[in-house]
Amino acid sequence: MFATIVCTVWISRLMAKVAFLKENEEKLKQDYDEKSRNLEKEAMVSAKEKLQREYKELDEEIRERRNEINKIEQKLAKREDQVEEMAQRAVDKELTLDRKSDELVEKEDYLAEIVAKQISELERIAHMS
């Protein structure tokens, strides 16, 4: 009978230990699940923060490149204006030269006509004498 009592006490202690271990196992599983969820949340927050930083950096880089492009476009527009002005001045000079050339041709014709009249007059006078 003593052996039975010892066995019963031993079995009840074992059962208590098993129950304690099962309870601890359940708590450990809950702790693990909670820590896992917390780590996952932290990872998501960290990833979102990193994405936001990268987005801001890219946005700044895009803004800088747009400013550079605008400056280049302004310089190009200024150079185009300068080229147009130079071309217009060249056209104006060419027109002026053409007009002066035409005036010279008219003066040459007028002078040739006067010379021809004077020669004719001199020849007429020469035949009179």
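Asp98 is partly exposed, with a relative accessible area of 40% (partly exposed lies between buried, under 20% relative accessible area, and exposed, over 50%, with a 1.4 Å probe and protein chains only). The model is predicted, so local features need pLDDT of at least 70 and side-chain atom pairs count only at pLDDT 80 or more, while totals for chains, interfaces and linings use all residues. Residues are numbered from 1 along each chain as its sequence is written, and side-chain values use heavy atoms, with hydrogens and water left out.

The protein has one helix and zero strands (DSSP runs, H or I of at least four residues for helices and E of at least two for strands, numbered from the N terminus). Helix 1 covers residues 2-128, and Asp98 is found within this helix. Along the principal axes, the C-alpha atoms fill a box of roughly 190 × 15 × 10 Å. The radius of gyration is 55 Å, whereas a compact globule of 129 residues would have a value near 14 Å (taken over C-alpha atoms, with a globule rule of 2.2 Å times the number of residues to the power 0.38).

What share of the 129 residues is buried? Buried residues make up 0% of them. The accessible surface of the protein comes to about 12,900 Å², and carbon and sulfur atoms account for 58% of that surface (Shrake-Rupley method, 1.4 Å probe; for residues, only the protein chains shown count as cover).

Two patches can be picked out on this surface (residues with over 30% relative accessible area and no salt bridge, like charges being joined within 9 Å and nonpolar side chains, Val, Leu, Ile, Met, Phe, Trp and Tyr, within 5 Å). Ile11 lies in helix 1 and counts as partly exposed, at 43% relative accessibility. Asp98 belongs to a patch of negative charge, in which it gathers with Glu94, Asp102, Glu106, Glu108 and Asp109.

Charge can also be viewed across the whole protein, which has 26 positive and 32 negative side chains (Lys and Arg count as positive, Asp and Glu as negative, with His and the chain ends not counted). The centres of the two sets lie 14 Å apart (each charge being placed at NZ of Lys, CZ of Arg, CG of Asp or CD of Glu).

Side chains of opposite charge can pair when their charged atoms come close. The structure holds eight salt bridges (a side-chain nitrogen of Lys or Arg within 4 Å of a carboxyl oxygen of Asp or Glu). One of them joins Lys27 and Glu23 at 4.0 Å, N to O. Both residues lie in helix 1, four residues apart, about one turn of the helix. Lys27 is partly exposed at 46% relative accessibility, and Glu23 is partly exposed at 46%.

Glu25 and Lys29 also meet in a salt bridge, at 3.8 Å, N to O, and they too sit in helix 1 with a spacing of four residues, about one turn. Glu25 has 43% relative accessibility and Lys29 has a relative accessible area of 45%.

Further along, the side chains of Arg99 and Glu103 form a salt bridge at 3.9 Å, N to O. Arg99 and Glu103 are four residues apart in helix 1, about one turn of the helix. Arg99 is partly exposed at 47%, as is Glu103 at 38%. Finally, a network of salt bridges links Asp59, Glu60 and Arg63.
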